[in-house]
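Subject: Structure handover

Hello,

Here is the structure for you to look over. My notes on the findings follow below.

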Amino acid sequence: MTSARRKSYGAEGAPSALPSHATPLRRVRSAPYFFLLPATVLFALFFALPIGYAFWLSFHKVKVSGLGLGSGARKEVWAGLENYTDAFTDSELLDGALRVLGYGCIVVPVMLGLALVFALMLDSDKVRLAPFTRLAIFLPYAIPGVVAALLWGFLYLPDVSPFYFVLDRLGLPQPDLLDGGPLYLALSNIAVWGGTGFNMIVIYTSLQAIPVEVYEAAKLDGATPLQIALRIKIPMVAPSLVLTFFFSIIATLQVFNEPTTLKPLTNSVSTTWSPLMKVYRDAFGTGDIYSAAAQAVIIAIATLLLSFGFLRAANRRHKQGAAQ
């Protein structure tokens, strides 16, 4: 009897004990989803939905009936791939892409080269005032892009620039940096001045993560500081270089602030100087949001393919180096 009662008590007690333990467990498992919910909602409202809407607009166009007056005269109809065909044959968009390509060939290597040199210099044992130097190099990145473009734009203008005043007093030639070929150098200088500090911080952080024992072993083997930098530091921060190169490619393909800000100061910058400026003009200047959406989708896909291709090539090379 006693054993039977104990069994029945245990059987009756087990179900009553389950909810008290299961309820906290469910709460623990669902807690991460509650933390992710605000970010997910913001991502859907301000990122996913606009992209989906732009993709939907790119396959439509406006059909005008008659003179286009009155209700029902302008209807949104299915266009298929017509907007994409027009974008690929648009000479202004292609010319803007070529200009951005030349701009990127100047900005990316110069900016990353300076960032690497500054990071290596700050990582040296002989550097003085390292905190102040880091802040001085990083500070231009904290300045908004429009403000930086305006600052450099007025420094480029011959009538108000102190540099042109000094060159005039010295009797030296005064090149017009806002016209012709020098315009690429002027725009690239703004991007390099503003972006070098961020890339330097990324590379410098990776250098600080390298164990000190590696440097000490290299010094015991007779390696010079230059050899340590070329054979140890740079190979070990290769992932950071890949990351900064990846960000630089994306920023180059999306250049918009610098040429748009300098446009009122010179006639050499057109409203379609870069692909994004072309998209902005078509969407808000001429009101053709459908072709602008198609061009924006093409730019996004091109950015994705270039970035993915570069990352895949870098990963393949890293695996080959690790296998050797």
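Helix axes here are lines fitted to C-alpha atoms over the stretch in contact, and the angles between N-to-C directions run from 0 to 180 degrees. On that basis, α8 and helix α9 (residues 225-236) cross at roughly 155 degrees, with axes that come within 11 Å. An angle over 145 degrees counts as roughly antiparallel, so α8 is roughly antiparallel to α9. Their crossing is right-handed. On the α8 side the contact is made by V214, Y215, A218 and K219, and on the α9 side by I228, I232, K233 and M236. By class, 6 of the residues in this contact are nonpolar, none is polar and 2 are charged.

Please keep in mind that this is a predicted model.

Overall picture

The protein has 13 helices and 2 strands. Of its 324 residues, 31% are buried. Taking contacts between residues at least 6 apart in sequence, 64% join residues at least 24 apart.

Y215

Y215 belongs to helix α8, which covers residues 212-220. Is Y215 buried or exposed? The cut-off for buried is under 20% relative accessible area, and Y215 has 13%, so Y215 counts as buried. Leaving out residues up to four places away in sequence, Y215 touches D123, L207, I210, I228, I232 and K233.

Helix α3 (residues 91-122) packs against helix α10 (residues 238-253) at an angle of about 150 degrees, and the axes are 10 Å apart. That angle makes α3 roughly antiparallel to α10. The crossing of α3 past α10 is right-handed. From α3 the contact takes V100, Y103, G104, V108, M111, L112 and L116, and from α10 it takes L241, T244, F245, S248, T252 and L253. Sorted by class, the contact of α3 with α10 holds 9 nonpolar and 4 polar residues, with no charged ones.

For α5 and α7, the axes come within 10 Å and the crossing angle is roughly 140 degrees. The two helices are therefore oblique to each other. α5 passes α7 in a right-handed crossing. The residues involved are A148, A149, L151, W152 and Y156 of α5, together with A186, N189, I190 and W193 of α7. This contact of α5 with α7 has 8 nonpolar residues, 1 polar residue and no charged residues.

Nonpolar cores

In soluble globular proteins, nonpolar side chains tend to be buried together. Which residues have the most contacts inside the largest nonpolar core? They are Y103 and W273, in a core of 20 residues. At least two residues of this core come from each of α3, α5 (145-156) and α7 (182-208). α7 gives the largest share, 6 residues.

Setting aside neighbours within four places in sequence, W273 is in contact with G96, R99, Y103, L183, Y184, L187, P259 and S268. There is also a second, separate core of 17 residues, which includes A115, L122, Y204 and Y215.

The loop at S270, and α12

S270 sits in the loop between α11 (257-262) and α12 (275-285). Its relative accessible area is 29%, so S270 is partly exposed. Where sequence neighbours within four places are left aside, S270 is in contact with R99, K263 and M277. S270 and G96 are 174 residues apart in sequence, and their C-alpha atoms are 9.7 Å apart in space.

The buried residues of α12 are P275, M277, K278, V279, D282 and A283. Just after α12, G287 takes a positive phi of about 80 degrees.

Regards

Notes. Residues are numbered from 1 along each chain as its sequence is written. This is a predicted model: local features need pLDDT of at least 70, side-chain atom pairs count only at pLDDT 80 or more; totals for chains, interfaces and linings use all residues. Side-chain values use heavy atoms; hydrogens and water are left out. Helices (H or I, at least four residues) and strands (E, at least two) are DSSP runs, numbered from the N terminus. Angles under 35 degrees count as roughly parallel, over 145 as roughly antiparallel, 65 to 115 as roughly perpendicular and the rest as oblique. A crossing is left-handed if the near helix is turned anticlockwise from the far one by less than a right angle, and right-handed if clockwise. Contact means heavy atoms within 4.5 Å. Ala, Val, Leu, Ile, Met, Phe, Trp, Tyr, Cys and Pro count as nonpolar, Asp, Glu, Lys and Arg as charged, and the others, Gly among them, as polar. A nonpolar core is a set of buried Ala, Val, Leu, Ile, Met, Phe, Trp, Tyr and Cys residues joined through side-chain atoms within 4.5 Å. Buried means under 20% relative accessible area, exposed over 50%, partly exposed in between (1.4 Å probe, protein chains only).
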